[in-house]
Amino acid sequence: DEFISPPPRKTVRFGGTLTDILMKYEKGETTDFELLKHQLSDPDIKDAQIINWLHEFRASVIYLTKEREQLVKVLLKLPWLRRSREVVEEYLGFLSNLVSAQTVHLRPCLQMIVSQFVPPRITIREDDVDISDSDDDDENLSENFNTCHRALQTVARYVPSTPQFLMPILVENFPFFNKSERTLECYVHNLLRVTVYLPTLRLQILELIIEKLLKLDVSTPQQDIEDAEENANNSDNEEKSTEEGLFDMEEDEERKGNKVVSSSSERMAHPLAERLDILMTILFSYIKDVCHVNGKLDISNTKDLYRDLVSVFDKLILPTHASCHVQYFMFYLCSFKLGLAEAFLDHLWKKLHDPNNASVIRQTAGSYIGSFLARAKFIPVVTVKACLDLLVNWIHKYIDNQDKGANVYCDVALHGPFYSTCQVVFYTLIFRHKQLLDGNLRKGLSYLQSLNFERIVMCQLNPLKICIPSVVNLFAAITRKYQLVFCYTIIERNNRQFLPVVRSGSGGDFVQTCTNPLDSFFPFDPYILKRSKKTIEPFYQFWEELSAEDLENLKKPIKEGTSEDEDDDFLKGETPQNDGVVGIAPNSYESNTRSPLSSIGSPPDCYVPYP
C-alpha cells in the first residue's frame, strides 16, 4: 500500500510569507530567499504551488524592484505555458501587475514571451554528443502560441511603449537558418501575427522577414537548387528501378497506373531552398489574408500593405543583384488589382528616368519593368502599350540629346540606363508581340512602326552591341519577320568588333568574350520553389515555344567561335532542339556554364546556319 499510494504533496512554502522573506533579504538574511528561489526552480513544482506563489507575488509586486532582478528571472522561467488553464490565467495576471508596477522588468518579460515563439528544445545525446533540437511534434504548439500572443497583448495594453522595446528583441531572437524548418516556420508565422495587433510594427517586421529571406535567397543560387533536384530525381529513379526489379509482381504492375504523390514530392532537395519555400508560402498567405476580408478584396487594407511592401522593396530588393524568388511578393500583391500593378510600374518608371538615382538602381528598375511586363498575365495589352510608349519616347529623347553632342560612342559606363531601357523594350516585345498584333494585324503593325525601332537600332550608341545576345537575336528575328527593322547587318558588324580575351586557368588558356556588359538579369524568371510556386503560376506567363515557321525566319547573328563561358545559366530553354539549332533562353547571365536542363519556361534563342 505504501508503494502504490501517491507521494505526499509538497508543502507550498518554507520560511514564512513572501513579504517576510523579502524583508529579511533586505536586512542581509539570504537563507529563506535562496530557499524560495530553489522552490520556484523545482522542475516538479505543482500547479497548486505555482498558483499560490503567483497570487502572493501579485500582492507584493511593489517589492520586485531592480534589486530583486534575480528573483524575477526565476519567475519568468516558470513552466507556465504547459500547465492548467488556472495557472495560465494567474500567470497572465502576474505579468500585467509586474509590468504596470515595475516597468524596469519590461524587457525581460518581452524576452520570455518571444522565446516561446518557437517549438521548445528537447535534449538528445548520442555517444556524448549533444544533438538537441526543437520539438517539432509538440501537439500543443498552436495553443501555446495563442497564449503567448495573449500575454504580449496584455503587456502592450499596460505599457504603451512596448513596441519600441519589442522590435530589437524580435530581431535578436530570429532563428539561424540551420535550425529546423518547423522552427523558422513558427517564428515567422508568429512575427506576422504580431503585426495584426501591433500595426505600428508591421513595416519593421516585414522588413526583418524579407531581409532574412533575401539573405537565404541569394545564398541559394538557382543552379544549385536545380542541380540538387536533378541529383535527387536521379537517385529516386535508381531506387525505383531497383525496387521494380526485386518486386516485379502482377499486383505491382497494376498499381503503376495509379500515381501516388507523397508529401515528399513537394519537398525541395536543397535544404536551404526547402526553408525558403516554406517561408515564402507563409508570406504569400499573409499577403492574401491581409488584403482579403471575408473573401473579398479590401481596398484600404491592400493600399496600406502595398505602401509598406514598396518601401521594403526600395530598401532591400532593388539594391540586391540577381535575387531569384523573394521579389515575387510584389508580383503576387499586384495580381490582386490592376491599379496596384500600374502603380508599381509607375514607381519603377520614376526610378528609371530620375537622373538623381544611381545608375545601377536605374538599370535594375528597368530590368524589373521589362520582366514584369513580360511575365505578368494580369497586365493587359493597353497597359503594355502605355509602358512601351513611355520607354520608347524616353529613348528617342535620349538619342536626341546625344546627337547634339560631339564624340558620341558606345559606352556602358556613360549610358547604362539607356541600354537597360532598350533591353526592356526588346524583351517586352519578344514576349508580347503576338498580343500586340492580335485581332487587327494592320493596326498592330502600325503601332509597332510608330515606335520607330529603326532609329533606336541605327543610332550611334548602338544598343544591339550592349544588350544580351539572346534578347538581341530574338528581337532581330521578330522585327525582321514583321519588317519593322533589319538588325542583322549591325549585329554582324558588332560581332567583328568583339575582342576576345585570353584568360589562363587551371585547365589551360581559354578565350572569353564579354556578352553581358550590363550585368543585367530578369527578376521574374521562372519560379522554381515547389510549394510556393502554386501561388504564382496562375498569374505567370511562361514562354511559348516558337513554331517551325518562326525558326526558319531566324539567321545566325553571333559567330560560332565563342567560348563556353558565354553561354549563361539561364540562356537555355525548353524548346526541343532540332538539328543545327541551339536553344538558348534570354534570362539572366552568370559567369558559369549551366546545364541545358535549367531555366525551364524561358524563351530559346535559336540560331540557324546561313544557307
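User: Before we look at two packed helices, how is the axis of a helix defined?

Analyst: An axis is a line fitted to C-alpha atoms, for a helix over the stretch in contact, and the angle between two axes runs from 0 to 180 degrees between N-to-C directions. Two packed helices are then described by the angle between their axes and the distance between the axes. The model here is predicted.

User: At what angle do H10 and H14 pack, and how far apart are their axes?

Analyst: Helix H10, residues 202-218, packs on helix H14, residues 299-317, at an angle of about 45°, and the axes are 10 Å apart. That angle makes H10 oblique to H14. Their crossing is right-handed.

User: Which residues make the contact between H10 and H14?

Analyst: H10 contributes Arg202, Leu203, Leu206, Glu207, Ile210, Glu211 and Leu214. From H14 come Asp304, Leu305, Asp308, Leu309, Ser311, Val312, Lys315, Leu316 and Ile317. Sorted by class, the contact of H10 with H14 has 9 nonpolar, 1 polar and 6 charged residues. An α-helix has 3.6 residues a turn, so residues three or four places apart point the same way. Among the H10 residues in the contact are Leu203, Leu206, Ile210 and Leu214.

User: At what angle do H7 and H9 cross?

Analyst: Helix H7 (residues 141-158) and helix H9 (residues 181-197) cross at roughly 35°, and their axes come within 11 Å. The crossing of H7 and H9 is right-handed. On the H7 side, Leu141, Phe145, Asn146, His149, Leu152 and Gln153 take part; they meet Arg182, Cys186, Asn190, Arg193, Val194 and Tyr197 in H9. The residues in the contact of H7 with H9 comprise 6 nonpolar, 4 polar and 2 charged.

User: Which residues of helix H4 are buried?

Analyst: In H4, residues 69-76, the buried residues are Leu71, Val72, Val74, Leu75 and Leu76. These buried residues pack against helices H1 (18-26), H2 (31-40), H3 (47-59), H5 (85-101) and H6 (106-114).

User: Where is Thr65, and what is it in contact with beyond its neighbours within four places in sequence?

Analyst: Thr65 sits in the loop between H3 and H4. Its relative accessibility is 25%, so Thr65 counts as partly exposed. Leaving aside neighbours within four places in sequence, Thr65 is in contact with Gln102 and His105. The C-alpha atoms of Thr65 and Leu98 are 9.8 Å apart, although 33 residues separate the two along the chain.

User: How should I read a positive phi?

Analyst: Most residues other than glycine have a negative phi. Asn294 has a positive phi, near 55°, and is a residue other than glycine. Asn294 lies in the loop between strand E5 (292-293) and strand E6 (296-297). With a relative accessible area of 77%, Asn294 is exposed. Gln483, also not a glycine, has a positive phi of about 55°. Gln483 is found in the loop between helix H23 (469-481) and helix H24 (488-497). At 70% relative accessibility, Gln483 counts as exposed.

User: Where is confidence lowest, and where is it highest?

Analyst: The protein averages a pLDDT of 81, and 75% of the residues score at least 70. Confidence is lowest in helix H12 (residues 250-255), at a mean of 43, and highest in helix H15 (residues 328-334), at 97. Over residues 246-262 the pLDDT is below 50, and beyond near neighbours in sequence this stretch has 3 contacts in the model. Residues 605-611 also have pLDDT below 50, and beyond near neighbours in sequence that stretch has 30 contacts in the model.

How values were computed
Residues numbered from 1 in each chain as written. Predicted model: local features only at pLDDT ≥ 70, side-chain atom pairs only at ≥ 80, totals over all residues. Heavy atoms only, no water. Helix = DSSP H or I, 4+ residues; strand = E, 2+ residues; numbered from the N terminus. Parallel < 35°, antiparallel > 145°, perpendicular 65-115°, else oblique. Left-handed = near helix turned anticlockwise from the far one by under 90°. Contact = heavy atoms within 4.5 Å. Nonpolar A, V, L, I, M, F, W, Y, C, P; charged D, E, K, R; others polar. pLDDT = per-residue confidence, 0-100. Buried < 20%, exposed > 50% of the residue type's maximum accessible area, 1.4 Å probe, protein only.
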